[in-house]
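Q: Could you walk me through this one? I'd like to talk about charged pairs and then the overall fold.
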Amino acid sequence: MSAAPPDLSAPDTRRLAREGTASLLGSAISATMGFALIVVLARTLGDAGAGVVLQTIAVFTIVLSLARAGMDSAAVWIMPRLASHNPAAIRGTLTSMLLITAVLSTVCGALTVALAPQLAQLGDSHASDVADAVALVGWFLPAGALVLVALAATRGLGGIVPYVSVGSIGLPVIRPIAVWAVAIAGGSYASVALAWAAPLPLALVAAAFVLRVQVARHERTAGVRGSWRVDPAIRRSVVAYALPRTLSAGMEQSLIWLDVLIVGIIAGSAAAGIYGGASRFIAAGLIIDTALRIVVATRFSSLLFQEKYGEVQALYRIAARWLVLLSAPIYVVLAVFAPVVLGWLGPEFEQGSTALAILCVGAILTCTTGNIQSVLLMSGRSGWAAFNKAVVLALNVGGNLILIPLIGVNGAAITWAFSMLVDAVLAVIEVRHFIGIRMEFGTIAYALLIALTTFGIPAIAFRLSLGATLPALALSLAVSALLFVGWCALDRDRLQLRDFALLARRQKPREGDTLTGGLSEVASRG
């Protein structure tokens, strides 16, 4: 006898619609403000000055990934389970997680400040500026780590709006404004970097307030008063999960930012500024990825805990299809019109056009695997994620050291693209082996075909006929948008875009509508 087809209830669907809308909005604002930050740095400081600040941000971000002790991922993993099955343990578990983060991040901050002068011995004449800036922002590492863990906990407890408001809107909006104000006032490179880090304590206060309200609400609803002491069994589970995640998060951020540092050391701060500017454009295509990940990660955790693998498969399939359908067009346009978009930063940044095109190709291939990393992590297999990151980091460092001296920033781009693809493929293999969740190549390939046809062909045609110009870009976008919307409208049922519309409109689903349509088909096959 076959199992009854899994389904999501109407309240679940409405909740995902509300959270998806907020998450999508926040991700869009965050990406826009990230782009604004790059423009501000490039226009006020030039390629060398932007390179100094971006290298400082790279060091801060890499160390921060270690300083948060894996507790942010652990919070997303454990909090939905505690909220559903053991609300009395939330308070003590959170206290333990924040205390561990505070201690480790303080140690990391002190070491960063103490070791910062060593950076002056590396790279070009601006290396001493990088060292000064790192020494200043290092003091903000504890606040940064605690912000990330607290926000992750609010997300795990069902608070997408606070997470988005503080992490995706508040911080990203304040940062370019603060950086611009200091830069136009004639501040040093170190002062500009300090302006980037300074809003973190304010964000921590806001996140702590929201978290306190959420914990009290969960305890009141369950009729319990949680203890400040953590259950030893839960603490062991959290630490066991977080330890490998600490390593993998450090390596993950190293994969994102280490190439900027290596470019700066080998090719100079100006080259680091150019490559950093090009690589940050990739964040534009991450809007959909981030929005979907924020929503589905906690859902993956809950469904996997209940062993509802059919629903996990369906949710993963739909999210992957939407990710490719909506992210790939951004990368296609960026790749074809790379000289135009980089020219917005300044004429010297157009040297990174080939690098940006390479990065876009790598991003398209990687996004075809969907939110596979979230599935792997929410299954509790953080150790395998750490193993993947170790393999990929070794490839990344080796590739950068070999290719950057030979072909400059293009070598860094090739290395990054290859590393991200390897990371995704490893996760796909592991998730299929351990959980039975598989990529559905047909549906993903079809979504990719739509993106490449409707955006790729017009972009190439206008680029060849009108050149790499702003009018060509504008015409390409106009024609592509019409083709894309028309194709999707005609094929909306196959693409399940009615479900995505729920995310955009917060619409109450009609009878029979589910966010994971086609679950019965998945269940019968699985």
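A: A salt bridge here is a side-chain nitrogen of Lys or Arg within 4 Å of a carboxyl oxygen of Asp or Glu, and please keep in mind that this is a predicted model.

Q: Fine, and how many salt bridges does that rule give?
A: The count comes to 3 salt bridges.

Q: Which residue does Arg91 pair with?
A: Arg91 pairs with Glu219, and their closest N and O atoms are 2.7 Å apart; Arg91 sits in helix H3 (residues 90–115) and Glu219 in helix H8 (residues 200–222), so that the pair links distant parts of the chain, 128 residues apart.

Q: Is Arg91 buried or exposed?
A: Arg91 counts as buried because its relative accessibility is 12%, where the cut-off for buried is under 20%, and Glu219 is buried as well, with a relative accessible area of 4%.

Q: And what does Asp423 bridge to?
A: Asp423 forms a salt bridge with Lys389, with the closest N and O atoms 3.0 Å apart; Asp423 lies in helix H17 (residues 409–434) and Lys389 in helix H16 (residues 382–407), so the pair ties together parts that are 34 residues apart in sequence. Both Asp423 and Lys389 are buried.

Q: What about Arg68?
A: Arg68 forms a salt bridge with Asp72, at 2.7 Å between the closest N and O atoms, and both of these residues are buried.

Q: Switching to the fold, how many helices and strands are there?
A: The chain has 22 helices and 0 strands, and 57% of its 526 residues count as buried.

Q: What share of the contacts comes from residues 24 or more positions apart?
A: Among contacts with a separation of 6 or more, such residues account for 83%.

Conventions: Residues numbered from 1 in each chain as written. Predicted model: local features only at pLDDT ≥ 70, side-chain atom pairs only at ≥ 80, totals over all residues. Heavy atoms only, no water. Helix = DSSP H or I, 4+ residues; strand = E, 2+ residues; numbered from the N terminus. Buried < 20%, exposed > 50% of the residue type's maximum accessible area, 1.4 Å probe, protein only. Contact = heavy atoms within 4.5 Å.
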